[in-house]
Amino acid sequence: MSLLVNIKKSFGSFRLDVSFETEGGSITGLLGASGCGKSVTLKCIAGIETPDEGKIILNDQILFDSDRRINLSPQKRRVGYLFQNYALFPNMTVAQNIAAGVRSRARRGEVTARLVRALYLEGSEFKYPRQLSGGQQQRTALARILASEPEVLMLDEPFSALDSYLKWQVELELTELLTTFQGPVLYVTHDRDEIYRNCKQVCVLERGSSQPLQPLQQLFDHPATLSACLLSGTKNISRARALGGKRLEAVDWGVELTCSAPFSDSLAYVGARSHYLRPAGGPGPNRIHCRVQRVVEEVFSTVVLLATPGRTQGRSRLRLELPKEEWAALSAPEQLWLEIPQNALLPLSEQQR
């Protein structure tokens, strides 16, 4: 089972240009900032929006092909689309909502009863959506989707409508249910922690354009582009200039650094994750003399904002995160030397296609 998407569509000044292929049994994350085209991509796959050109193929069935003038209606695509607000019918009970998704009228009772049991909705069959918790609403919406026997599942920011105290439990429930689905799953979010917990591979979207599909761990260990690095959670970014070999200048930090491996000619930025930075005893390779600007106490750690030799604002500042006891042991210094290990540096290009 597989899903191939290779489409383009213009919305005035915004242009969608997305290409990826994913297999059944794996959850693929579509990660990007708000407005980058994630939800529009899902709508094109579902048939709600029509691309200007390209093709969409699900399990060898052509859903859309601009060259062959094929454009199946949403009802014929066997695509399960879980909307952000779940889109339950407010005047229908749980059982009626689920039954509405069953294609065979003769099997509605059987399929509805099976899904009520499978999604732990016993006792809620005759309740209306307004009487359900956030998790029950989501499970009802997912049951209605599964009732239609889809060949692909698409989850559009599935936890955005939930309060923070509900999100963790509902996420656990949903991901457990997804392990039994055999087809491809597309998981749209701008939350890198959700991607890390739930996906096996990731496609990063930036301003409508998709970057190559990559394994999850590659995104976090070796992001190739500025947008991928920012989306993976890196807070320390500087413009960079190659100096030859493994050497580069971090322009915004005002320092020359050595990487653990050579980098490409497309070098434009360098990143460093906050938890890899370490206070050092004095000058040395890959060390920066910084001035402490601000100390922020979080629940389990201390975040220190540091002015570098570059400047004191924006990307020139570095973010250091330490366990509370480690920062306390430094006795609140006004200045310190900071070391960035060679293997902690992330050379980045502007954008990759």
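Y196 is partly exposed, because its relative accessible area is 41%. Keep in mind that this is a predicted model. F220 is buried, at 10% relative accessibility.

How are the two rings arranged? A pair of aromatic rings is described by the distance of the centres and the angle of the planes. Start with the other pair, Y81 and F83. A search of the whole structure finds three aromatic pairs. In one of them, the ring centres of Y81 and F83 are 4.2 Å apart and the planes meet at 20°, so this pair is stacked. Y81 is buried, at 9% relative accessibility. F83 is partly exposed, at 31%.

Now back to Y196 and F220. Their centres lie 4.9 Å apart with planes at 85°, so the pair is edge-to-face. This pair links distant parts of the chain. Y196 sits in helix α6, residues 192-198, and F220 in helix α7, residues 216-221. They are 24 residues apart.

Next, charges over rings. K9 lies over the face of F11, 5.1 Å from the ring centre.

On to helix α8, residues 226-231, which holds S227. Is S227 buried or exposed? Buried, because the relative accessible area is 9% and the cut-off is under 20%. Which residues does S227 touch, neighbours within four places in sequence aside? V204, E206 and Q211.

Helix α1 next. It spans residues 38-46. Its buried residues include K38, T41 and L42. C44, I45 and A46 are buried there as well. An α-helix has 3.6 residues a turn, so residues three or four places apart point the same way. After α1 comes G47, with a positive phi near 95°.

Last, the sheet. Five strands form an open sheet, in the order β15-β14-β13-β16-β22. The pairing is antiparallel. Which strands are at the edges? β15, 255-258, and β22, 345-348, each pairing on one side only. Neighbouring strands of this sheet are turned by 40° against each other on average, direction ignored.

Zoom in on β13 and β16. β13 covers residues 236-244 and β16 covers 269-272. They run antiparallel, and four bridges join them. Take S238: its bridge partner in β16 is V270.

Definitions and conventions
Residues are numbered from 1 along each chain as its sequence is written. This is a predicted model: local features need pLDDT of at least 70, side-chain atom pairs count only at pLDDT 80 or more; totals for chains, interfaces and linings use all residues. Side-chain values use heavy atoms; hydrogens and water are left out. Helices (H or I, at least four residues) and strands (E, at least two) are DSSP runs, numbered from the N terminus. Buried means under 20% relative accessible area, exposed over 50%, partly exposed in between (1.4 Å probe, protein chains only). Contact means heavy atoms within 4.5 Å. Rings of Phe, Tyr and Trp (its six-membered ring) pair if their centres lie within 6.5 Å; planes under 30 degrees apart count as stacked, over 60 as edge-to-face and the rest as tilted. A charge sits over a ring if NZ of Lys or CZ of Arg is within 6 Å of the ring centre and within 35 degrees of the ring normal. Two strands pair if DSSP finds at least two bridges between them. Axes are lines fitted to C-alpha atoms, for helices over the stretch in contact, and angles run from 0 to 180 degrees between N-to-C directions.
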